[in-house]
Number of protein chains: 2
Amino acid sequence: MDRLDLIKDLSVTNNAKMVMLVLDGLGGLSLKAGEKTELETANTPNLDLLAESAVLGMTDPIMAGITAGSGPAHLALFGYDPIKYAIGRGALGAAGIGFDMQKDDLAARINFATADNDGLITDRRAGRITTDESSPLCELLSEIKIDNIKIFVKPVKEHRAVVIFRGHCLSDKLSDSDPQETGVESKEVAALDECAKTTAVLMNEFIHKAQNILVDKHPANTILLRGFAKKPGLPQMKDVCKLNSAAIAGYPMYKGLARFVGMEILPTGISISEEFETLKTNFNRFDFFFIHIKATDSSGEDGDFNRKVKVIEEVDKNLGLITDLKPDVLVVTGDHSTPAFLKSHSWHPVPFLLHSKYCRPDDVKHFEETSCSRGGLGRFPALDIMPLMMANSLKLTKYGA
Amino acid sequence: MDRLDLIKDLSVTNNAKMVMLVLDGLGGLSLKAGEKTELETANTPNLDLLAESAVLGMTDPIMAGITAGSGPAHLALFGYDPIKYAIGRGALGAAGIGFDMQKDDLAARINFATADNDGLITDRRAGRITTDESSPLCELLSEIKIDNIKIFVKPVKEHRAVVIFRGHCLSDKLSDSDPQETGVESKEVAALDECAKTTAVLMNEFIHKAQNILVDKHPANTILLRGFAKKPGLPQMKDVCKLNSAAIAGYPMYKGLARFVGMEILPTGISISEEFETLKTNFNRFDFFFIHIKATDSSGEDGDFNRKVKVIEEVDKNLGLITDLKPDVLVVTGDHSTPAFLKSHSWHPVPFLLHSKYCRPDDVKHFEETSCSRGGLGRFPALDIMPLMMANSLKLTKYGA
């Protein structure tokens, strides 16, 4: 039996309200041996007060040693095995720009690239043209007509874009056109199974027409497609957990991920206090809230240790906006670590805090990496977070007699 | 390779003796934030002394957040994956009343119920008739004759009973007759595969004859059957672990569960000291002993915090009866948590202690939830207990060269 089947069998509805507060990239590292991490440095009296009556732990987003991207990291937070339920790169790209994919849509990532007169790829990133330069090119490509397919080409950043094909019976069992090297031609898109043959022909037609349009747009005189993907058919949170769930997030990617599992996306201002106010406004309407704070991750990616400390302190300063609502279960954690020292996502376990009437508090009184690693829950897979939240809200019945 | 296959490949026999002392529902919660759990409250000098030279930890009976019933919880303790090896409700019911199922027996749960003149179910529990009332009805139903099948109908409690059919080629691939709602007729038992068709006919014949017998026994004028199950075909402990194992338990359910994995059931008085004396008397005859203490769970289920504390203290007071025998490996743990605060089984991890000459003691010196969560074994699945016990008794050889 799959673990989602188990949760589905055991879950019941009641009035308990749950809040999952995700500080993206929360876990950190010290800049030098013997110094403190971002979270250890931050002055967080409210999180520490909460920790006193909470149970703490450390989570592995995917498994030991694996650095998680945003897609799999959030799937794990939402209770979906991130190895089993992969979201195709095209679909993740569409989510990332806030494109609301329909059931039959097919998405792919686009790189604007440079080809020489013989059609050999000389630069897979078209000299990293700016988004301002790639945006009008996307508009040109959006006007390509193939068959009865509606085509959306949207800029992402610099040379990167995403294309969504809306038609009937499109398949994502397709190989990339991106050869992943220079000095060679781009590849023909090939069908990976019998049913994908028609779609492969259409994709090659699209690429051909795009090349004709871009012929005089050097350095962006061709495109490379990869990561063909349809909308992931994820089990929906309302079916598995019987939850009426909502997402409060400022960035398109996280709204898209939440939408994939069936959360309602709440309109919100994107500052920390505005997101928390959105929770307050909607608190009576849902029984599960996912709140996403992006700035911990962006400051970590920028290698800005002090800014990450300040973001954490701002979350702490505003925490009362959440705790005053007295949610039955409150979790504070991250989706993965993003240490400023590494300027990137990392594999390190993520601090975790769960507060509820039934949480069996441990004797750990600070919310930071070292204390959390000694918490009552020990180190555990992020995949266990949803079952723990469900249990603590008494929404899971007994397994077996 | 299944983990039982691995254990089977590696296990060897020697003279080492192992004792698994299970305090049912051991894990607890404080009644108020900042107070102590039952186990933290109990005065347990002998368990704490043992903890000083033991390795501690916390176990998850099934997985994080999942509250375990007795069946799956004990399967995990005995080393059987409780998701893979489910015991059907009928078989668990038979175990619960101490009925020794044979290989070909088919068991089901019975509810005595009330039907109106049109055959519509008006009460699925027959007004919760007393066990004194249902017992003679069970005797009447035991006299039903069908084909060449021997029928045993045994009271469980109030309106609940269990029926065991002893015949040839009976299948348990059957749907329930219990409609799980009132205002409708009971359902025909249906075959879930081709081979179960004959059995389905026989079951419906049994129900029909039962209804004729009960026609004037209002409110118990009909029966509802559910959870058809044959004896679970569990790998036997003597084959997997090469152990000569025995169970010391006062309650039928736990004797039944132990019998399913091939333990010998030792006759015993049911007080704690009597159970421990039974261990002493039989210590030379077996190399693995499962001792089950029920009162920690019953007091927890009753919400009686102080009684649970006293039961734990009584176990502690009598612990010398076990330790004086100097078992090579002694484990003290629970099958799940039953906090008096919740008056029910719960999902919380369970305190675990393993004492052996080779256990690598940690620096944790108290046997209770908070200390165990900082123990040398951390938090781990209960499924790992048997391999750990086997290893600590040097009964597992090396895997691979």
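**First stop: a loop in chain B**

Start by selecting B:Glu158, which sits in the loop between strand E5 (150–157) and strand E6 (160–166) of chain B. Helices (H or I, at least four residues) and strands (E, at least two) are DSSP runs, numbered from the N terminus. Look at the backbone here: B:Glu158 is not a glycine, yet its phi is positive, at about 50°.

A word on what you are viewing: this is a predicted model, where local features need pLDDT of at least 70 and side-chain atom pairs count only at pLDDT 80 or more, while totals for chains, interfaces and linings use all residues. Residues are numbered from 1 along each chain as its sequence is written, and chains are lettered from A and ligands numbered from 1 in the order in which they are written.

**Two cis peptide bonds**

Stay in chain B and select B:Pro219, in the loop between helix H7 (197–214) and strand E7 (222–230) of chain B. The peptide bond from B:His218 to B:Pro219 is cis, with omega near 10°. Now try chain A: the bond from A:His218 to A:Pro219 is cis, with omega near 10°, and A:Pro219 lies in the loop between helix H7 (197–214) and strand E7 (222–230) of chain A.

**The domains of chain A**

Next, colour chain A by domain: domain 1 covers 3–86 + 234–392 and domain 2 covers 92–230. These bounds come from an automatic or database domain assignment. Taken over C-alpha atoms, the centres of domain 1 and domain 2 of chain A are 35 Å apart. Where they touch, eight residues of domain 1 of chain A are in contact with seven residues of domain 2 of chain A; contact is counted if C-beta atoms, placed from the backbone, lie within 7 Å. On the domain 1 side, the largest share, seven residues, comes from H9(A).

**A helix pair in chain A**

Select helix H5 (residues 89–96) and helix H9 (residues 252–260) of chain A, which pack at an angle of about 120° with their axes 6 Å apart. Axes are lines fitted to C-alpha atoms, for helices over the stretch in contact, and angles run from 0 to 180 degrees between N-to-C directions. H5(A) and H9(A) are therefore oblique to each other, since angles under 35 degrees count as roughly parallel, over 145 as roughly antiparallel, 65 to 115 as roughly perpendicular and the rest as oblique. Show the side chains of A:Ala94, A:Ala95 and A:Gly96 in H5(A), then A:Pro252, A:Met253, A:Gly256, A:Leu257 and A:Phe260 in H9(A), to see who makes the contact.

**The sheet of chain A**

Now find the open sheet of eight strands, ordered E9-E8-E10-E1-E11-E12-E2-E13 (chain A), with mixed pairing. Strand E9 (264–265) and strand E13 (379–381) of chain A are at the edges with a single partner strand each, so each has one side without a neighbour in the sheet. Strands pair if DSSP finds at least two bridges between them. Strand E8 (residues 245–249) of chain A pairs with E9(A) in the parallel sense over two bridges, and A:Ala247 stands opposite A:Ile265 in E9(A).

**Last stop: where the chains meet**

Finally, show both chains: 26 residues of chain B are in contact with 22 residues of chain A. Which element gives the largest share of the side of chain B that touches chain A? Select H4(B), which gives three residues.

Terms used: Contact = placed C-beta atoms within 7 Å.
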